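Reader: I would like to know how the labels used for this model were reached. Please set each value against its cut-off.

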Amino acid sequence: MVTNAVKFFSEKLKYEIDPYSVRHIVDEKDKNYIIIDVRDENSYKAGHVPTSINVPSNELDKHLNKLPKNKILIFYCYHVVCFAAPKAALKLAKKGYEVMEMVGGFDEWQKHGHPVEKTKY
């Protein structure tokens, strides 16, 4: 049982990223990553991680041809108990994309005072 837990958490941590690390990616304009907000369009427009793109989880299939496989895709959703981001990440990982999840979602991003970008309606 302990061996399984060690294996599980070791693997899990490889694909999770915290808001501070995402902030560094944003600040450095690191082109190796694409940050993807899987929340609905209105939530995205009200506030999102700078440089992120909006691909609502229910529209993911429509956007597959626009997402490059040579970048690491970082997904986030509303909060820590929102499962839209890990589901989207899993779906794309199965299709050969490199993926990560920003732990805590947009709520955690805001909670730590990171910059928020808004889209005009």
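**Labels and their cut-offs**

Author: This is a predicted model. K111 is an exposed residue, with a relative accessibility of 62%.

Reader: What makes K111 count as exposed?

Author: Exposed means over 50% relative accessible area. K111 has 62%, so the label applies.

Reader: Why is the pair E108 and K111 called a salt bridge?

Author: The cut-off is a side-chain nitrogen of Lys or Arg within 4 Å of a carboxyl oxygen of Asp or Glu. In E108 and K111 the closest N and O atoms are 3.9 Å apart, so the pair is within the limit. Both residues belong to helix α6 and sit three residues apart, about one turn of the helix. E108 has 23% relative accessibility and therefore counts as partly exposed.

Reader: How many salt bridges does a search of the whole structure find?

Author: It finds seven. One of them joins R23 and D27, with N to O at 3.0 Å. These two residues lie in helix α2 (residues 19-28), four residues apart.

Reader: Why are R23 and D27 called partly exposed?

Author: The label covers values between the buried limit of 20% and the exposed limit of 50%. R23 stands at 27% and D27 at 43%, so both take that label.

Reader: Are the partners in the salt bridge of D37 with R39 buried or exposed?

Author: Buried means under 20% relative accessible area. D37 has 0%, so it is buried, and R39 is buried as well, at 5%. Their closest N and O atoms are 2.7 Å apart.

Reader: What makes the link between H114 and R23 a polar contact?

Author: The N or O atoms must be within 3.5 Å, one able to donate a hydrogen and the other to accept it. The side chains of H114 and R23 meet at 3.2 Å, so the distance is within that limit. H114 lies in the segment after α6 and is buried, at 7% relative accessibility. Among the residues that H114 touches are P19 and W109.

Reader: Why are β1 and β3 said to stand at the edges of the sheet?

Author: The open sheet has five strands in the order β1-β5-β4-β2-β3, with parallel pairing. β1 (16-17) and β3 (53-54) each have a single partner strand, so one side of each is left without a neighbour in the sheet.

Reader: How do you know that β1 and β5 pair?

Author: Pairing requires at least two bridges between the strands. β1 and β5 have two, in the parallel sense, so they qualify. E16 has E101 in β5 as its bridge partner.

Technical notes: Residues numbered from 1 in each chain as written. Predicted model: local features only at pLDDT ≥ 70, side-chain atom pairs only at ≥ 80, totals over all residues. Heavy atoms only, no water. Buried < 20%, exposed > 50% of the residue type's maximum accessible area, 1.4 Å probe, protein only. Contact = heavy atoms within 4.5 Å. Lists of a residue's contacts leave out its neighbours within four places in sequence.
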